[in-house]
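Hi,

Here is the structure I said I'd pass along. Have a look at it first, and then read on for what turned up.

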Amino acid sequence: MPQATPNPAHLTQVLVNSPAYSPMAGVLTYLSPTKLVPGSLVRVPLGQRELLGVVWHDTHTTDPLKPELEPSRLRPISATLETLPPLNAHWRALIQFAASYYQRSAGEVALAALPPQLREFSPIQLSRKLKKLAKTSAKPANSAPGTSASSLQNTTNSVVLSAEQTRAIAQFNQNSGPFLLFGATGSGKTEVFMRCSAELLDRKPEAQVLVMVPEINLTPQLEERFRARFGQLFGLDAVVSMHSGMTPAQRLNSWLAAHSGAARIVLGTRMAVFASMPQLQLIIVDEEHDPSYKSHEGARYSARDLAVYRGHQEGIKVLLGSATPSLESWYHSRPATDGGRYQRLEMPSRVGSGQLPLVRRVDMNHQPKSCIIAPPLLSAIALRVARGEQSMLFLNRRGYAPVLECTDCGWKSNCANCSAFRVFHKIDRTLRCHHCGFTERVPRACPACGNPDIAPVGRGTERLEEHLAELLVDIRRPDGQAVRIVRIDADTTKLKGALESQLAQVHAGDVDVLVGTQMIAKGHDFRRITLVAAVNPDNALFSSDFRAPERLFSLLMQAAGRAGRDASVAGQSEMWLQTFHPTHPLYEALKMHDYPAFAQSQLKERQQAAMPPMSFQALVRAEGRTQEVAQGFLNAASLAAAEQSDTAALLAHLTIYPAVPMSMARIANVERAQMLIESPSRTALQRFLTAWQSVLHSTRQQPEYKSLIRWAVDVDPLLI
Ligand code: ADP
Ligand code: ZN
Ligand code: ZN
């Protein structure tokens, strides 16, 4: 027993934000005048700064790797945010797991999971804030009639459930999950989400539900519907949002409401998976296949996967939903007798008499050369306009043309900083790089040979919109007016509120033809669209990324799901595909709206090639001034793994591929390389990555790699 040290109860271990590879990563020891329970929030000095920290352990544990700190050199905690209840053990376990699984420090993950404004607040500011919040929520809204169980019954029963919905809900109630709700677009998944939530909230007056959505502005209707139903029942304050589009003050309010239990429903994007919700009873992940659940900075976590972990850890239900599940979730929901771990709930039909659209493939090999919109598609659109119906065309490229080219010498509008072309934007006559932002006026003549004849090659949404307006110039709406075309993409929605107002125009029927990027193909409940067209979907068929077909199929299914949602306007709605490969199996499956057939063929290919979900992957990415340094660092760390016993012992269970340039090899003059590691065993891969961290650190210290800018590990990467 150390006699001379202060009372061990007063040695407090605090987690602060430090990146994984800093020498101070992990837990720091401070002195506290009182014993603080784990999960308490504190402010601590670090160097010249004062930081927010989380008390992590309640006993003083010693790290065998670190020399015991001289107690006289320990610094005291600056302040305790004691008005806040401590973060509970479940939350701390989630952070610890996420940090270790995604190979980052717990401090980084924990502090990133707290609202930014909390990092700045003193105890006094926080107390003031809490008092203010208590005052507003004490207003009548909460105690309004409508919170009683009987009114809950009344409101939720206003919709008569379909047989499929009833069965899915019964299965949800009888089992423990995790569940995959596989429901066609328009099958009424949202209604199922709301019923399952209502049941739990009703049963326990303090229960909380977390509802996750991919991108909040792409699914405003889900939020509206949850607000409309549950706001009425529990008061508007009981439903809060959490996403990066909110101001720091709003985010703090939501977080505090969730943490205190005042919020019964939290609706949020991927970051919400870390929300502190002491009475959490259910996690719903809508559109679970959406790639935006995977973070692409800091700890590259998958919020969907963490939701499943969190549910398991807290012993609560998790409900994933999609019309086109990720192949991972689909595979996990195979029959339990084959090793499946999720329970699949199926809703194959649309609610009411809404039918899935007829899929029509236009064979572009038999259309006029270099036509953009095939004549039959054009006639179909013109017909809809004349009937007062809406059409939607999407093309996965914004701008006017992806590249400008000199017809004489072959000069192309390359970006000087990136391995990419600059895109021609006609509206302001600029060449813009979509990767680094480098923008210039379009030159009057070819910079290489002086030829004034430089021409746009290929098309983006801006050019499609222009072209369409020319083609439809003589077509009239039923009211005799000219066609109204609106374009929605990242360029037209830069200003705050622009997307909302453009969508409102579409919903109000002020638009006949909607042109856009894939941004318009997802989630929106457009009532009057009866024709959807993919202008040029072929690219993804032959991509080197093994997930490209999965993403394309899901995008096209989602897009098709935008058509014919309102049975009263839909005679027969249509989904058009312009393709040079009309008999491709992906399009065949799409024509039949047959996700299971598509998934089965993809999984078979993945099985044969030992790809995820049958195997597990991690990528290490490195950035440097040259490819030589970036790739050299990765290859050296790979070689060194064989020389260190704990990593060497695992090499038999995995494959480390040589470093290669990333498909976008250079962005903003930074060269990027990556190295793939694959294993049939998730455990072996995890053990290897953990042990390999120290090898990566020491490799970085070698003189050849001093100029390396950064490196990072991406576990279960989505883009390879
Ligand atoms: P999904 O999320 O599966 O695409 P939604 O939940 O958006 O489908 O439902 C599609 C439409 O059907 C919505 O307008 C919704 O209000 C409506 N709806 C859902 N369930 C029912 C039902 N049982 N009876 C009538 N309409 C329903
Ligand atoms: Zn030229
Ligand atoms: Zn660039």
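**The loop between helix 17 and strand 24**

A610 sits in the loop that runs between helix 17 and strand 24. Before you zoom in, keep in mind that this is a predicted model. With a relative accessible area of 40%, A610 counts as partly exposed.

P613 belongs to that loop too, with helix 17 covering 595–608 and strand 24 covering 616–624.

P178 is placed in the loop between helix 6 (163–174) and strand 6 (179–183).

S370 is a non-glycine residue with a positive phi, near 50°. You'll find S370 in the loop that links strand 13 (358–363) to helix 12 (375–387). Its relative accessible area is 66%, so S370 is exposed, the cut-off being over 50%.

**The zinc site**

Now for the zinc ion (ligand 2). Which residues coordinate it? The donors are the SG atoms of C406, C409, C446 and C449, at 2.3 to 2.4 Å. Along the sequence these donor residues follow the spacing C-x2-C-x36-C-x2-C.

And why call the arrangement tetrahedral? Because the angles subtended by the four donor atoms run from 106 to 113°, and four donors count as tetrahedral if all angles lie between 85 and 135 degrees.

C406 comes out at 2% relative accessibility, so it counts as buried. C409, at 41%, counts as partly exposed.

**Helix 6 against helix 7**

Last, go back to helix 6 and look at how it meets helix 7 (residues 189–203): their axes come within 10 Å and cross at roughly 40°. That angle makes helix 6 oblique to helix 7. The crossing of the two helices is right-handed. On the helix 6 side, the contact is made by Q165, I169, F172 and N173. Helix 7 contributes E191, V192, R195, C196 and E199.

That's what I have for now.

Cheers

Note on methods. Residues numbered from 1 in each chain as written. Chains lettered and ligands numbered in written order. Predicted model: local features only at pLDDT ≥ 70, side-chain atom pairs only at ≥ 80, totals over all residues. Heavy atoms only, no water. Donors = N, O, S within 2.8 Å, 3.2 Å for Na, K, Ca; no water. Tetrahedral: all angles 85-135°; square planar, octahedral: opposite > 155°, others 65-115°. Buried < 20%, exposed > 50% of the residue type's maximum accessible area, 1.4 Å probe, protein only. Helix = DSSP H or I, 4+ residues; strand = E, 2+ residues; numbered from the N terminus. Axes fitted to C-alpha atoms, helices over the stretch in contact; angles between N-to-C directions. Parallel < 35°, antiparallel > 145°, perpendicular 65-115°, else oblique. Left-handed = near helix turned anticlockwise from the far one by under 90°. Contact = heavy atoms within 4.5 Å.
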